[in-house]
Amino acid sequence: MSTALPVTVFVSRTARGPGGAALTRWAHDLCRDAAGFPGHLGAHVGTRVVDGTVTVHIGVSFAGAEALLRWERSGTRARRLAEGDELTRGEPVALPLAEFGLVAAASGRPAPSRLRSAVLIWAALFPPAALVNAVLMPHLDAWPGFVRTLLLTLLLVPTVVFGTLPLLQRALARRGR
C-alpha cells in the first residue's frame, strides 16, 4: 500500500518591465492548466510589488511526487513556461516552504517518530504542570473541576508551545539529537 505524501512547489517570477498584469494572468493560466492534471490538489498565485517591480509567487500542489512529475514533464507546462519566459526576467526561483511559514526549514533529517515527539512534549509539559499544580491548584479547591481544568490548559498550552518546548528543541538541536 502506497502512502504518497502531497507535494507543493513554489516558484517566483519577476516581470520584465511594467508587465505585471500580463504576468499575473499568465500565472493564473499556468495554475488552471495544472488543475487539469490527475492528482492536482490546488494552486495559489500571489503578487508582490516593490518599487514598481512586480513579482509573482506561484504555488502548485499535487497528491504525490509522481503526479507532480507528470505535470512537470508535460507539453502543456512546457508551452506555458515558454510563454512566461517572454514576460519575465531572470530564471525561475524555487522558494522554500519555510519562507511562506508553512513548514520549518528542512534540516535534511527525517521527521521525529511519534514516540520521540510524545516524550519531548511530556518533558516540556511536566515541569510547568508540576509548578502550576503545586502553587496554584491548592488555592482553587472550591472551583469546579471543569473551570480548574480550563484554567490549567489556558496556562499550560501557551507555556509549552511558546516556552518550554522550543527551549527543549533548541537544546537538543545544539547537542545534535
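What is the accessible surface of the chain, and what share of it belongs to carbon and sulfur atoms?

**View 1. Surface of the predicted chain.** In this predicted model, the accessible surface comes to about 11,900 Å² (Shrake-Rupley method, 1.4 Å probe), and 63% of it belongs to carbon and sulfur atoms. Of the 177 residues, 27% count as buried, that is, under 20% relative accessible area (1.4 Å probe, protein chains only).

**View 2. Elements along the chain.** The chain has five helices and four strands, taken as DSSP runs (helices H or I, at least four residues; strands E, at least two). Their order along the sequence is β-α-β-β-α-α-β-α-α.

**View 3. Residues 97-108.** The pLDDT, the predictor's confidence in each residue from 0 to 100, averages 82 over the chain, with 84% of the residues scoring at least 70. Over residues 97-108 the pLDDT is below 50; beyond near neighbours in sequence, this stretch has 11 contacts (heavy atoms within 4.5 Å) in the model. Where pLDDT is low, the predicted coordinates should not be read in detail.

**View 4. Lining of the second largest pocket.** This pocket has a volume of about 260 Å³. Its lining has 14 residues, of which Val9, Val11, Leu30, Arg77 and Leu81 are the closest to its centre. By class, 10 lining residues are nonpolar, none polar and four charged. At least two lining residues come from each of strand E1 (7-15), helix H1 (20-35), strand E3 (53-62), helix H2 (65-72) and helix H3 (75-87).

**Notes.** Residues are numbered from 1 along each chain as its sequence is written, and side-chain values use heavy atoms, with hydrogens and water left out. For this predicted model, local features need pLDDT of at least 70 and side-chain atom pairs count only at pLDDT 80 or more, whereas totals for chains, interfaces and linings use all residues.

Conventions
Buried means under 20% relative accessible area, exposed over 50%, partly exposed in between (1.4 Å probe, protein chains only). On a 1 Å grid over the protein atoms alone, a cavity is a set of points where a 1.4 Å probe fits but cannot get out, and a pocket is an open set with protein on both sides within 12 Å along at least five of seven lines; lining residues have an atom within 4 Å of a point. Grid points are joined across faces, edges and corners, and a volume is the space filled by probe spheres set on the points. Ala, Val, Leu, Ile, Met, Phe, Trp, Tyr, Cys and Pro count as nonpolar, Asp, Glu, Lys and Arg as charged, and the others, Gly among them, as polar.
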